Amino acid sequence: MRADRLISLLLLLQNRGRMTALQLAEELEVSVRTVYRDVEALGAAGVPIVAEPGHAGGYRLIDGYRTRLTGLTADEAQAAFLAALPGPAAELGLGAAVAAARLKLRAALPDALREHVDLIQERFLLDAPGWYGGPAEETSHLSAVAAAVWERRVVAVRYRRWKAPTEVDRRLEPYGLVLKAGRWYLVAACEGSLRTYRVDQILALDPLEETFTRPPGFDLAAHWQAHLADFDSRRHTAEAVLRLTPAGVARLRSLPDAAFATAVAATGTLAPDGWTVAGVPIESVDHAHDELLRLGADVEVLSPPALRARLAETARTLAERYLPTAD
């Protein structure tokens, strides 16, 4: 709707300052000609927009002008309340601030929108941790890490990792925190490269007097998506060929590693006997062994031989343990 677009244009100028017609068009996903018409409409409505010519020019609001109009639609108001996760906010020491902000936002909404957000709180709940995560890991240093992120302060940490030596000392420049499946991760610069650290594996932390400057244009969300893509590409180092019963294909969706179900859905072929044959990516023989044991007799590994032999060995051990012995 044009009214929503005009409000968005006004708020863009208010929050970002001078912007060119092309920048506004890209943000609003409209043509430059549409931006010209919208600016003219706002000016006719009394909004003091100044057009500055030249290479460094663009549109801006006259100095000192601000609107109190939020322009929230019903969907946007619902999203604002749905997006607040009180658990993680409390872990960061922001629980009271989030609660106060939501109260203030609710009080500022018109009656109709207030009813919408009340329904959201009554009918929807976001619970970030997974089902089988068990008790939350101790994150005793989370508040200190968050403070260092805010203050751009270098920290010295003692960190526990999976390979030897298992405890190491690191000097970190903390760029940002990410909550993934109920677990906090720190993205930090260390020895000239960006790395990811589990906050619950930080054994000790000392804030230093030294501060740092984040690289211009660093985007935490974009970096995290690239990190996940790289992680997936590196962890799948081999392939296994499986035969699965119809029940096995259905049960793939319950496995923690979604790569199995994705690969079978994309490449699986149905054999005359009703079994499905497909190649799936695997991290290692050990990892695939543990995952595929969950499927029991509904899966058969055709290759690699090492994985097939490992499962056969486990099956023999289980048979010896559970089959009744002769008197």
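Biologist: What order do the strands take in the open sheet of four strands?

Modeller: This is a predicted model, to start with. In that sheet the order is β9-β10-β8-β11, and the pairing is antiparallel.

Biologist: Which are the edge strands there?

Modeller: β9, residues 269-270, and β11, residues 299-303, each of which pairs on one side only.

Biologist: Other sheet now. What is the strand order in the open sheet of five strands?

Modeller: The order is β6-β5-β4-β3-β7, with antiparallel pairing.

Biologist: Which helices pack on it, and which strands do they touch?

Modeller: Helix α8, residues 142-151, touches β3, β4, β5 and β7, and its direction makes about 80 degrees with that of β4. Helix α9 touches β4, β5 and β6, and its direction makes about 110 degrees with that of β4.

Biologist: How many residues does α9 have, and what span does it reach?

Modeller: α9 covers residues 220-235, which is 16 residues, and reaches 22 Å from its first C-alpha to its last. That is close to the 22 Å expected at 1.5 Å a residue.

Biologist: What does the side chain of Asp219 reach to at the start of α9?

Modeller: A side-chain oxygen of Asp219 comes to within 3.0 Å of the backbone nitrogen of Ala221.

Biologist: Back to the strands. What joins β3 to β4?

Modeller: A hairpin, through six residues. β3 and β4 (residues 167-180) pair in the antiparallel sense over six bridges. In that pairing, Ala156 has Arg171 as its bridge partner, and Val157 stands opposite Arg170.

Biologist: How many bridges for β3 with β7?

Modeller: Six bridges, in the antiparallel sense, between residues 153-160 and residues 202-211. There, Tyr159 stands opposite Ile202.

Biologist: Where is Asp200 found? Is it buried or exposed?

Modeller: Asp200 is in the loop between β6 and β7. It counts as buried because its relative accessible area is 9%, and the cut-off is under 20%.

Biologist: Which side chains make polar contacts with that of Asp200?

Modeller: Arg198, at 2.7 Å, and Gln201, at 2.8 Å.

Biologist: Last one, His289. Which helix is it found in, and is it buried or exposed?

Modeller: His289 is in helix α12, residues 285-292. With a relative accessible area of 5%, His289 is buried.

Biologist: What is His289 in contact with, leaving aside neighbours within four places in sequence?

Modeller: Leu307, Arg310, Leu311 and Thr314. A polar contact of 2.9 Å also joins the side chains of His289 and Asp290. As for Val301, it is twelve residues from His289 in sequence and 9.8 Å away in space, C-alpha to C-alpha.

Terms used:
Residues are numbered from 1 along each chain as its sequence is written. This is a predicted model: local features need pLDDT of at least 70, side-chain atom pairs count only at pLDDT 80 or more; totals for chains, interfaces and linings use all residues. Side-chain values use heavy atoms; hydrogens and water are left out. Two strands pair if DSSP finds at least two bridges between them. Helices (H or I, at least four residues) and strands (E, at least two) are DSSP runs, numbered from the N terminus. The expected span of a helix is 1.5 Å times one less than its number of residues. A polar contact is a pair of N or O atoms within 3.5 Å; within protein, one must be able to donate a hydrogen and the other to accept it, and residues adjacent in sequence count only if both atoms are side-chain atoms. Buried means under 20% relative accessible area, exposed over 50%, partly exposed in between (1.4 Å probe, protein chains only). Contact means heavy atoms within 4.5 Å. Axes are lines fitted to C-alpha atoms, for helices over the stretch in contact, and angles run from 0 to 180 degrees between N-to-C directions.
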